[in-house]
Every structure is written in C-alpha cells, then in structure tokens.
Amino acid sequence: MPSAEHEGLVTLIERNPALAAELLSLSGGPGAPAFVEARVESSNLTQLDPATFHADAVVVLRDAAGQALLALVVEVQRRRVAGKRFTWMVYVASVAARFRCPADLLILTLDPKVARWARRPGIAIRRAAWSPLVIGPEEIPEVVDVEEAKRSPERALLSLMAHGSSADLRQVVRLGDATVHALEVLEQPLQELYWRMMERALGDEGARALEAYMDSHGEQLGYFSRKFEAARKTAIEEGRQEGRQEGRQEGRREMVIRALERRFGPLTEAHRARVLAFNASELEQIFDRSFSANSLSDVFA
C-alpha cells in the first residue's frame with residue numbers, strides 16, 4: 001500500500017506537472033525541450049499485454065500546437081525493488097509508443113541509498129545498457145527564499161520533504177518559513193492538503209520550532225498550534241478516562257475487601273495484597289465466593 005510520503009510526492013507532480021521538467025534540469029542528464037504546456041496524462045501503461053503496468057505519473061511536454069515533445073514517466077521510489085528496471089523499460093516504451101515522441105524515466109526519491117541504487121545501469125535489451133534519470137535529496141535544492149518558494153510552492157514543499165529530517169533545526173525552520181509563505185498563494189483545498197504534507201515533513205520538533213520563530217517575528221501560525229492543542233486535549237481526556245477506569249477498579253477492590261472482612265474478620269497483609277493485584281474478572285469471582293465460602297482458604301482456592 002502506498003505510503004503518505006509516496007502519495008505526497010506523486011501529488012506534487014500531478015498538481016504542478018511543470019515540476020517534472022524542473023527536476024529534469026537537476027538530474028545531470030538531457031534537459032527538457034522548450035515547451036509551452038506540461039500536461040498530466042493517464043498513468044495506466046497497459047497496451048495489448050494483459051498484465052497491468054501503472055506508473056506513478058506521466059507528464060507530457062507539448063508545444064504551442066499541442067504536439068508532444070517529450071513524455072516523462074515519473075516514478076517515486078522509496079526502496080529498492082528487485083526487477084524494477086525491467087518494468088521501467090516497459091513504462092518508457094509504452095509512453096513513447098502512445099504519444100509518438102521521445103520518452104524518458106525520472107526517478108524521484110528522498111533516500112540517498114535508493115538514489116544510488118537507481119542510478120546503476122541495467123541491461124534489459126541485450127545490446128543496450130540503460131539507467132533512468134534520478135533525483136535524490138542531493139539534487140533537490142534547499143528553498144529558503146520566500147519569493148522563490150511562492151513561484152513554485154510544490155518545489156518549496158519538495159525541498160522541505162527532502163531535507164526536513166536531515167538538516168539542523170535552524171535550517172529546517174528556514175525551509176519551513178519559506179514553505180509557509182508559499183502556501184499562502186494557493187487555493188484553500190490545496191492549502192489544506194499541503195499543510196498536512198508539511199506537518200509530516202517537519203515533525204513535532206520542527207513544527208514547534210517554526211511556530212516559535214514566526215511568533216518571534218510577529219507572525220501567527222495557527223495551524224500547528226491547533227493541532228498541538230487538539231492532541232493535548234485528547235491526551236488529557238484519555239488520561240481522565242484511564243483515571244476513571246482505575247478509580248472504578250479501586251472501588252471494586254475496596255468493596256471485595258469489605259465483603260471479606262464482614263465474613264471472616266480483618267484480612268492479613270498477604271490476603272489484602274492478593275486482592276489489590278486482582279483484575280476485574282478475578283475480583284468478581286472473589287466477591288461471589290465471599291458469600292458461599294466457609295473460610296478465606298476456600299475464597300482464594
């Protein structure tokens with residue numbers, strides 16, 4: 001099942017397909033041709049073969065007349081998968097045949113080890129060694145300039161996702177600050193989606209540090225405060241419920257002790273300790289026995 005990180009990265013490409021062309025320029029391979037439109041196409045790559053091939057995203061760059069110039073298969077890769085290169089070859093061949101234009105494969109990963117693995121050439125066609133274009137954390141620039149972030153909120157968010165867990169806290173705050181301002185230019189539904197992705201990228205420590213930084217600069221950031229307050233209230237309520245449950249349990253123990261002492265006199269410390277260690281089911285059994293047993297030995301048998 002795809003992870004939240006996987007789905008988040010795919011969403012960035014789907015919401016801003018031109019980002020695929022931006023990433024292509026960072027890959028060290030051939031850049032994107034001059035294009036007018038970047039369009040997300042169906043990612044179902046099944047042709048005549050009954051097997052189903054489904055890429056994460058397919059972006060086609062087109063000229064002013066709508067002619068396809070380059071088809072990019074974008075794959076988000078979170079881990080190494082044996083045999084994946086053979087599937088990748090099918091993806092590239094399928095989109096080239098469908099759109100009648102050159103095609104390439106762009107791998108997007110936030111794991112440096114996966115990036116190194118993906119770059120290794122593989123031989124799927126006997127006379128050709130081939131490897132995809134790979135964008136790992138090292139290729140993704142750290143976007144800390146607010147104006148740059150506003151020009152491409154998806155690139156700013158990708159930067160935070162790539163570096164939020166590895167950079168020092170001060171840099172995480174800078175990345176987060178740029179991303180916050182970038183989200184301001186988006187419509188509300190997309191803002192909410194990106195806020196959730198940003199929350200996962202920052203983590204609790206990063207979110208608290210970012211709020212403190214923005215507060216010190218006279219800017220209020222209510223999103224994380226509301227989340228923390230809701231979590232705090234939930235924890236308090238859970239604690240109250242546990243307390244009420246424990247209180248009821250203590251009440252049952254005292255009731256059993258009183259019932260036993262009415263029948264058999266004061267309990268020894270050993271008997272009292274045994275009662276205090278019983279769970280709810282055991283307390284109920286002991287309470288029932290207190291009315292019919294002839295001695296404490298019978299009760300605790």
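The model is predicted, and local features need pLDDT of at least 70, side-chain atom pairs count only at pLDDT 80 or more, and totals for chains, interfaces and linings use all residues. Residues are numbered from 1 along each chain as its sequence is written, and side-chain values use heavy atoms, with hydrogens and water left out.

**Salt bridges**

The structure holds 7 salt bridges; the term means a side-chain nitrogen of Lys or Arg within 4 Å of a carboxyl oxygen of Asp or Glu.

Select Arg39 and Glu37. They form a salt bridge in which the closest N and O atoms are 2.9 Å apart. Arg39 has a relative accessible area of 33% and is partly exposed, and Glu37, at 31%, is also partly exposed. Here buried means under 20% relative accessible area, exposed over 50%, and partly exposed in between (1.4 Å probe, protein chains only).

Next, select Glu75 and Lys84. This pair forms a salt bridge, with 3.6 Å between the closest N and O atoms. Glu75 and Lys84 are both buried.

Move on to Glu139 and Arg119, whose salt bridge has its closest N and O atoms 2.8 Å apart. The pair links distant parts of the chain, 20 residues apart: Glu139 lies in the loop between β7 (133–135) and α5 (146–151), and Arg119 in helix α4 (residues 112–119). Helices (H or I, at least four residues) and strands (E, at least two) are DSSP runs, numbered from the N terminus. Arg119 is partly exposed, with 31% relative accessibility.

**A positive patch**

Select Arg80, Lys113, Arg116 and Arg120, which gather in a patch of positive charge on the surface. Patches are made of residues with over 30% relative accessible area and no salt bridge; like charges are joined within 9 Å, and nonpolar side chains (Val, Leu, Ile, Met, Phe, Trp, Tyr) within 5 Å. The place of a charge is taken as NZ of Lys, CZ of Arg, CG of Asp or CD of Glu.

**Last stop: Arg100**

Select Arg100, in the loop between α3 and β4 (103–108). What is the phi of Arg100? The angle is near 55°, a positive value in a residue other than glycine. Most residues other than glycine have a negative phi. Arg100 is exposed, at 65% relative accessibility.

Methods
Accessible areas come from the Shrake-Rupley method with a 1.4 Å probe; for residues, only the protein chains shown count as cover. Lys and Arg count as positive and Asp and Glu as negative; His and the chain ends are not counted.
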